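Please view the structure alongside the text.

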Amino acid sequence: MRPKLVAGNWKMHGGTIQNRELLAAIVAGTEGLSGIGLTVCVPYPYLSQAQSVLQHTAVSWGAQNLSQHDKGAYTGEVSAAMLTDFGCRYVIVGHSERRALYGEDNHTVALKFKAAQTAGLIPVLCIGETLDQRAAAVTEQVVAEQLDTVIDLMGIDALAESVLAYEPVWAIGTGKTATPQQAQDVHGFIRSRIAANSRGVANELQILYGGSVKANNAAELFAMPDIDGGLIGGASLVADEFITICRAAKN
Ligand code: PEP
């Protein structure tokens, strides 16, 4: 059985004082929750704080983006090696907000995936369709293309060292969650598509669901056979909500 993973995505939220309280509450509230993975992806300036609070705990930390380049004249960018310097385990790549607001296309996302893995980070690759694409019944085509660009560049085995997050764009930050069956249908499609290349990779790969996961809907989503945890935005900023979601992954 695949272990579940709950990943918080703080987006552009936080401050040293509130982070200290939130991180301490998460550590205390998830203590003893063995057998699942827990991580928080924080804004770059707080990686050092996350590292100092979370080292020696069961909660890991990561970033929300990285450059596809190793180093050089890329003002404002952050490399994979810089993230490993601060002990990051995970890095989100291809979040829909990066795709929509910063023009990251499938090829750029694949290059970021490569940069992350080359440095020893675990990329959390986000894929998902917009509302218009769902209405046009092209969800499977969209997620297949997003996935295939990475597989074409990296090969199927590279997926074994990554995490996927299916995040329907229409469910992110909107309070509209996919029903467990809607999510399961796409997760099942993704896993079977990967299985066509490698059954072993498909069986091992953690596929998270993201999109308005809250304390009151996490358990039913996580109960679906191909949902291996969640990528949590808004609810990861509220200690009680996030802890309840982590507990739901354990049950
Ligand atoms: C996210 O940021 O990836 C996300 C799923 O956000 P939210 O949980 O707020 O919908």
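Which of the 14 residues around the ligand come nearest? In this predicted model, they are K11, H95, E167, G173 and S212.

**Ligand surroundings**

- Sorted by class, the shell around the ligand consists of eight polar, four nonpolar and two charged residues.
- K11, one of the nearest residues, has a side-chain N or O atom 2.8 Å from an oxygen atom of the ligand.
- The side chain of N9 places a polar atom 3.0 Å from a ligand oxygen atom.
- At G234 the backbone is involved: one of its N or O atoms lies 2.8 Å from an oxygen atom of the ligand.
- On its own the ligand has 290 Å² of accessible area, and the protein covers 98% of that.

**Helix pair α1 and α2**

- The crossing of α1 past α2 is right-handed.
- From α1, the residues T16, N19, R20, L23 and V27 are in contact with Q49, A50, V53 and L54 of α2.
- By class, the residues of this contact are five nonpolar, three polar and one charged.

How values were computed. Residues are numbered from 1 along each chain as its sequence is written. This is a predicted model: local features need pLDDT of at least 70, side-chain atom pairs count only at pLDDT 80 or more; totals for chains, interfaces and linings use all residues. Side-chain values use heavy atoms; hydrogens and water are left out. A crossing is left-handed if the near helix is turned anticlockwise from the far one by less than a right angle, and right-handed if clockwise. Helices (H or I, at least four residues) and strands (E, at least two) are DSSP runs, numbered from the N terminus. Contact means heavy atoms within 4.5 Å. Ala, Val, Leu, Ile, Met, Phe, Trp, Tyr, Cys and Pro count as nonpolar, Asp, Glu, Lys and Arg as charged, and the others, Gly among them, as polar. A residue is near a molecule or strand if one of its heavy atoms lies within 4 Å of it. A polar contact is a pair of N or O atoms within 3.5 Å; within protein, one must be able to donate a hydrogen and the other to accept it, and residues adjacent in sequence count only if both atoms are side-chain atoms. Accessible areas come from the Shrake-Rupley method with a 1.4 Å probe; for residues, only the protein chains shown count as cover.
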